[in-house]
Amino acid sequence: MLFSGTGKRRRPSKATRVVALVGVTGAAVAAPLMAAGTASAATSSEWDRVAQCESGGNWSINTGNGYYGGLQFSASTWAAYGGTAYAPTANQASKSQQIAVAEKVLAGQGKGAWPSCGVGLSSASYDGGAAEAAAPQQQSAPQQSAPKRSAEQPATRSEQRQAPKPRTQAAPQAAAKKTVTTPTGKKVKKGDGEYKVAAGDTLSKIATAQGVDGGWAELFELNKDVVENADLIYPGQQLHLK
């Protein structure tokens, strides 16, 4: 049954006006909370540039080097930041899923997770819990701290490239280079002179051939720190001629 439009309209009750007012106010409050909850660590184009640097922009790449996907996550980092909720390894996840995990890595580890390729990333930190912080009346689960990286496992391939290589102790070869082994197995001083003794050489032959003033005696005097006996010199020794 249709009602005529000529009757008086009833004014909305006080309760109705209050509900309407609360509804408008609630919408104004909800907007900034939603905006805070969707803050992102970096733009999609920035992540595209990182992927181009890391993997040539191939978001499904797996070369068998232990790093996966466009942003080259190690398997342990992918798992530690919740990536396995999407796929076992990053290369099996979508681009948007890889970026979602990357934002968490950026918040927990900073640009250093991509030291070669992440220099252009925005410095703003990821804050997935901003909405809970702004609305204290909603009790949220305790936040877990970002997982710590294992020293043995860099987060991404570019971090592996930048990771300092462990120093290996050099073998004590310095002493060996300063000696010469004689045919009898004895080690004698090598010296650092400009003339290298050859088989069959004597001080006298060398002095004559090289025009040493004072002959073999002068040559012996010049190399007394290497030659112990003027009659015994050995191939490989290096003698000073002046």
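## Close-up views of a predicted model

**Figure 1. The disulfide between Cys53 and Cys117 is left-handed, because the torsion about its S-S bond is about -60 degrees.** In this predicted model, the sulfur atoms of Cys53 and Cys117 lie 2.0 Å apart. Cys53 belongs to helix H2 (residues 44–55), whereas Cys117 sits in the loop between helix H4 (95–109) and helix H5 (130–134), so the bridge ties together parts that are 64 residues apart in sequence. The two partners can also be described by their accessibility. Cys53 is partly exposed, with a relative accessible area of 39%, while Cys117 is buried at 8%. The structure holds 1 disulfide. A disulfide is a covalent bond between the sulfur atoms of two cysteines.

**Figure 2. Asp48 and Lys95 form a salt bridge.** The closest N and O atoms of Asp48 and Lys95 are 2.8 Å apart. Asp48 lies in helix H2 and Lys95 in helix H4, so that distant parts of the chain, 47 residues apart, are linked by the pair. Both residues are partly exposed: the relative accessible area is 29% for Asp48 and 32% for Lys95. The structure holds 1 salt bridge. Side chains of opposite charge can pair when their charged atoms come close.

**Figure 3. Helices H2 and H4 pack at an angle of about 90 degrees.** Their axes are 11 Å apart, and the angle makes H2 roughly perpendicular to H4. On the H2 side the contact is made by Ser44, Trp47 and Asp48; on the H4 side, by Lys95, Ile99, Ala102, Glu103 and Leu106. By residue class, the contact of H2 with H4 comprises 4 nonpolar, 1 polar and 3 charged residues. Asp48 and Lys95, which form a salt bridge, are both among the residues of this contact.

**Figure 4. Trp59 is a buried residue in the loop between H2 and E1.** The relative accessible area of Trp59 is 14%, which places the residue under the 20% limit for burial. Leaving aside residues up to four places away in sequence, Trp59 touches Trp47, Asp48, Ala51, Gly69, Gly70, Leu71, Ala90, Asn91, Lys95, Gln98 and Ile99. This set includes Asp48 and Lys95, the two partners of the salt bridge. It also includes Trp47 and Ile99, which take part in the contact between H2 and H4. The C-alpha atoms of Trp59 and Lys95 are separated by 6.2 Å, although the two residues are 36 residues apart along the chain.

**Figure 5. Gln72 has a positive phi of about 55 degrees although it is not a glycine.** Most residues other than glycine have a negative phi. Gln72 is located in the loop between strand E1 (67–68) and strand E2 (73–74). With a relative accessibility of 3%, Gln72 counts as buried.

**Figure 6. Ala79 lies in helix H3 (residues 75–80).** The residue is partly exposed, its relative accessible area being 39%. A distance of 9.3 Å separates the C-alpha atoms of Ala79 and Ala90, which are 11 residues apart along the chain. Ala90 is also one of the residues touched by Trp59.

**Figure 7. Helix H8 (residues 203–210) and helix H9 (residues 215–222) cross at roughly 105 degrees.** The axes of H8 and H9 come within 8 Å, and the crossing angle makes H8 roughly perpendicular to H9. Leu203, Ser204, Ile206 and Ala207 in H8 meet Gly215, Trp216, Leu219 and Phe220 in H9. The contact of H8 with H9 consists of 6 nonpolar and 2 polar residues, with no charged residue.

**Figure 8. The protein as a whole contains 9 helices and 6 strands.** This view gives the setting for the preceding close-ups. Of the 242 residues in the protein, 29% are buried; among them are Cys117, Trp59 and Gln72. Among contacts between residues at least 6 apart in sequence, 57% join residues at least 24 apart.

How values were computed: Residues are numbered from 1 along each chain as its sequence is written. This is a predicted model: local features need pLDDT of at least 70, side-chain atom pairs count only at pLDDT 80 or more; totals for chains, interfaces and linings use all residues. Side-chain values use heavy atoms; hydrogens and water are left out. A disulfide is a pair of cysteine sulfur atoms within 2.5 Å. Helices (H or I, at least four residues) and strands (E, at least two) are DSSP runs, numbered from the N terminus. Buried means under 20% relative accessible area, exposed over 50%, partly exposed in between (1.4 Å probe, protein chains only). A salt bridge is a side-chain nitrogen of Lys or Arg within 4 Å of a carboxyl oxygen of Asp or Glu. Axes are lines fitted to C-alpha atoms, for helices over the stretch in contact, and angles run from 0 to 180 degrees between N-to-C directions. Angles under 35 degrees count as roughly parallel, over 145 as roughly antiparallel, 65 to 115 as roughly perpendicular and the rest as oblique. Contact means heavy atoms within 4.5 Å. Ala, Val, Leu, Ile, Met, Phe, Trp, Tyr, Cys and Pro count as nonpolar, Asp, Glu, Lys and Arg as charged, and the others, Gly among them, as polar.
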